[in-house]
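Please look over the structure shown below.

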Amino acid sequence: MYKHIETDDTLFSIHDCYAEKMCLNDGVLTVTFPNGFWVLEKHPQNESDNIVRTDDARVDFKIIDDGFDAIEIFVFKQQDKIKAIRKYWETEKFINAVNNGAFKLEFIDCYKRYQYILFKCQLWFDKEPYHAECEIILHTDKAVYNWNSLCYDRVW
């Protein structure tokens with residue numbers, strides 16, 4: 001299905017990328033990016049000196065175990081100007097909300113540790129509150145980047 005299937009996550013970024021579909025099957029969380037993700041200038045396929053977008057792409061995260069904290073999702077709800085409440089979302093409920101278009105999921109930052117990734121995200125809504133902060137914590141030891149072509153007219 002994809003021409004390029006790679007595991008070196010030092011060559012890619014999903015910063016400012018929007019996911020429109022997610023699924024969890026056989027211990028793999030698949031996140032689909034219709035507008036692609038970023039391929040760094042040091043990638044052998046990137047023939048430019050810029051970070052460029054791919055076309056339609058996806059990332060597959062191999063979840064290490066199926067325990068309670070294998071995938072943790074928290075959405076922050078603003079109480080007032082000073083306080084926010086961090087609310088746990090069940091993985092299936094969150095995936096369904098993404099797939100049903102309840103909001104747009106934007107990836108902002110990524111923090112990696114051994115067998116652990118924390119994504120800081122934004123959820124974008126069509127009505128108030130218009131956006132909310134979100135954290136996705138994955139217990140994973142492998143990310144597989146799937147893409148077809150680079151879009152040299154879409155640079156960072």
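Which residues lie nearest the centre of the largest pocket? They are Val75, Phe76, Lys77, Gln78 and Ala132, among 14 residues that line this pocket. The model is predicted: local features need pLDDT of at least 70, side-chain atom pairs count only at pLDDT 80 or more, and totals for chains, interfaces and linings use all residues. Residues are numbered from 1 along each chain as its sequence is written, and side-chain values use heavy atoms, leaving out hydrogens and water.

**Pocket**
- Strand S9 (71-78), strand S10 (84-89) and strand S13 (131-138) each give two or more residues to the lining of the largest pocket.
- With 4 residues, S9 gives the most to that lining.

**Sheet**
- An open sheet is formed by 5 strands in the order S1-S14-S8-S5-S4, with antiparallel pairing (strands pair if DSSP finds at least two bridges between them; strands are DSSP runs of E, at least two residues, and helices runs of H or I, at least four, numbered from the N terminus).
- Its edge strands, S1 (4-6) and S4 (21-25), each pair on one side only.
- Strand S8 (residues 57-63) and strand S14 (residues 140-147) are joined by 7 bridges; one of the partner pairs is alanine 57 with tryptophan 147.

**Core**
- The largest nonpolar core has 43 residues (buried Ala, Val, Leu, Ile, Met, Phe, Trp, Tyr and Cys joined through side-chain atoms within 4.5 Å; buried means under 20% relative accessible area with a 1.4 Å probe, protein chains only).
- Phe37, Phe61, Phe94, Leu105, Phe107 and Ile136 have the most contacts inside this core (contact means heavy atoms within 4.5 Å).

Definitions and conventions. Buried < 20%, exposed > 50% of the residue type's maximum accessible area, 1.4 Å probe, protein only. 1 Å grid on protein atoms, 1.4 Å probe; cavity = no way out; pocket = protein on both sides within 12 Å on 5 of 7 lines; lining within 4 Å.
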